Amino acid sequence: MNSSSDNIADIARRVDAVEAAAMGQGLVRPGHLQQFTHKVEDEWTPAVGAAIVAHAWSNPAFKARLMKNGIAAAAELGATMPPHHRHLVVLENGENLHNLICCTLCSCTAYTVIGMPPDWYKDLEYRARVVRESRTVLREMGMALPESMEIRVWDTTADTRYMVLPYRPPHTAGWSEKQLAALVSKESMIGTARLEPPYLQPAHEQAKGA
Ligand code: FE
């Protein structure tokens with residue numbers, strides 16, 4: 001048996017081979033891959049989750065529904081989830097409470113709402129360490145949370161998906177939902193980022209170089 005990696009085709013050629021084999025056996029209907037790519041790139045984006053977050057920050061009644069039944073509340077804004085995502089559990093951050101999601105087994109996320117998982121989310125080291133030393137991992141990723149802030153780590157399962165509801169930055173009082181949504185990143189809905197200073201500086205502070 002030859003274990004040399006020299007004999008392994010590059011990823012693009014392997015993908016082409018798998019696609020050709022699946023098409024050849026009629027397992028993939030024509031156009032399916034293009035449709036799927038469109039969904040991944042244009043529909044399942046963090047903008048969906050950002051709109052949900054902005055609406056929850058602006059509308060207490062919606063937030064209450066979102067915390068009670070994430071899938072039903074997300075559907076009010078047109079967001080859908082695949083049937084095997086049976087629950088969308090929304091985790092609300094507080095001034096001194098931080099939620100963080102991971103999938104220790106593989107790469108599960110509520111991807112139709114917060115977007116596809118980043119490469120680092122699927123990394124074995126992140127998956128293994130984030131549950132044991134979350135504060136250290138977050139610090140290494142650029143966010144040093146004080147010891148006084150409680151961190152809760154949530155391990156995604158096949159049927160239960162999570163989404164972090166970020167803590168609303170105090171300087172956003174009076175902002176429109178559109179302005180608020182523009183502030184919300186995929187990382188803030190995973191929990192590797194927060195949106196309030198000092199973790200994230202307001203744009204006008206960044207412009208001053210503060
Ligand atoms: Fe997974």
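Colleague: Where is Gly78 found, and why does Gly78 count as exposed?

Modeller: Gly78 sits in the loop between helix H5 (70–76) and E1; helices (H or I, at least four residues) and strands (E, at least two) are DSSP runs, numbered from the N terminus. Gly78 has a relative accessibility of 59%. The scale calls a residue buried under 20% relative accessible area, exposed over 50% and partly exposed in between (1.4 Å probe, protein chains only), so Gly78 goes down as exposed. Bear in mind that this is a predicted model: local features need pLDDT of at least 70, side-chain atom pairs count only at pLDDT 80 or more, and totals for chains, interfaces and linings use all residues. Residues are numbered from 1 along each chain as its sequence is written, and side-chain values use heavy atoms, with hydrogens and water left out.

Colleague: How far apart are Gly78 and Val48, in sequence and in space?

Modeller: They are 30 residues apart in sequence, and C-alpha to C-alpha the gap is 8.7 Å.

Colleague: Why is Thr157 called partly exposed?

Modeller: Thr157, in the loop between E3 and E4, has a relative accessible area of 37%, so it falls in the in-between class. The C-alpha of Thr157 is 8.3 Å from that of Leu105, 52 residues away along the chain.

Colleague: And what makes Arg135 buried?

Modeller: Its relative accessible area is 19%, so Arg135 makes the buried class. Arg135 is in helix H9 (residues 134–140). Leaving aside residues up to four places away in sequence, Arg135 touches Leu145, Pro146, Glu147, Met149 and Ile151, where contact means heavy atoms within 4.5 Å.

Colleague: On to the strands. What makes E2 largely enclosed by the rest of the structure?

Modeller: Strand E2 (residues 97–102) has six of its six residues buried, so the rest of the structure largely encloses it. Leu97, Asn99 and Ile101 point one way, His98, Leu100 and Cys102 the other way, and all are buried.

Colleague: How do you know that E2 and E3 pair?

Modeller: Pairing needs at least two DSSP bridges between the strands. E2 and strand E3 (residues 150–155) have six, in the parallel sense, so they count as a pair.

Colleague: How many residues of E4 are buried, and what does E4 run parallel to?

Modeller: For strand E4 (residues 160–165) it's six of six. Thr160, Tyr162 and Val164 are buried on one side, with Arg161, Met163 and Leu165 buried on the other. E4 runs parallel to strand E1 (residues 87–92), joined by six bridges, and Val89 has Tyr162 as its bridge partner in E4.

Colleague: Why is the pair of Trp154 and Tyr162 called tilted?

Modeller: Rings of Phe, Tyr and Trp (its six-membered ring) pair if their centres lie within 6.5 Å; planes under 30 degrees apart are stacked, over 60 edge-to-face, and the rest tilted. Here the planes are at 50 degrees and the centres 5.4 Å apart, so the pair is tilted. Trp154 is partly exposed at 26% relative accessible area, while Tyr162 is buried at 11%.

Colleague: What makes the pair of Trp44 and Tyr111 tilted?

Modeller: Those ring centres are 5.2 Å apart with planes at 55 degrees, so the pair is tilted. Trp44 is in the loop between helix H2 (32–43) and H3, and Tyr111 is in helix H6 (residues 111–114), 67 residues apart, which links distant parts of the chain. The whole structure has six aromatic pairs.

Colleague: Last one: why is H3 called oblique to H4?

Modeller: The axes of helix H3 (residues 46–58) and helix H4 (residues 60–68) cross at roughly 125 degrees, coming within 5 Å. Axes are lines fitted to C-alpha atoms, for helices over the stretch in contact, with angles from 0 to 180 degrees between N-to-C directions. Under 35 degrees is roughly parallel, over 145 roughly antiparallel, 65 to 115 roughly perpendicular and the rest oblique, so H3 is oblique to H4. Ile52, His55, Ala56 and Ser58 in H3 meet Pro60, Phe62, Lys63 and Leu66 in H4.
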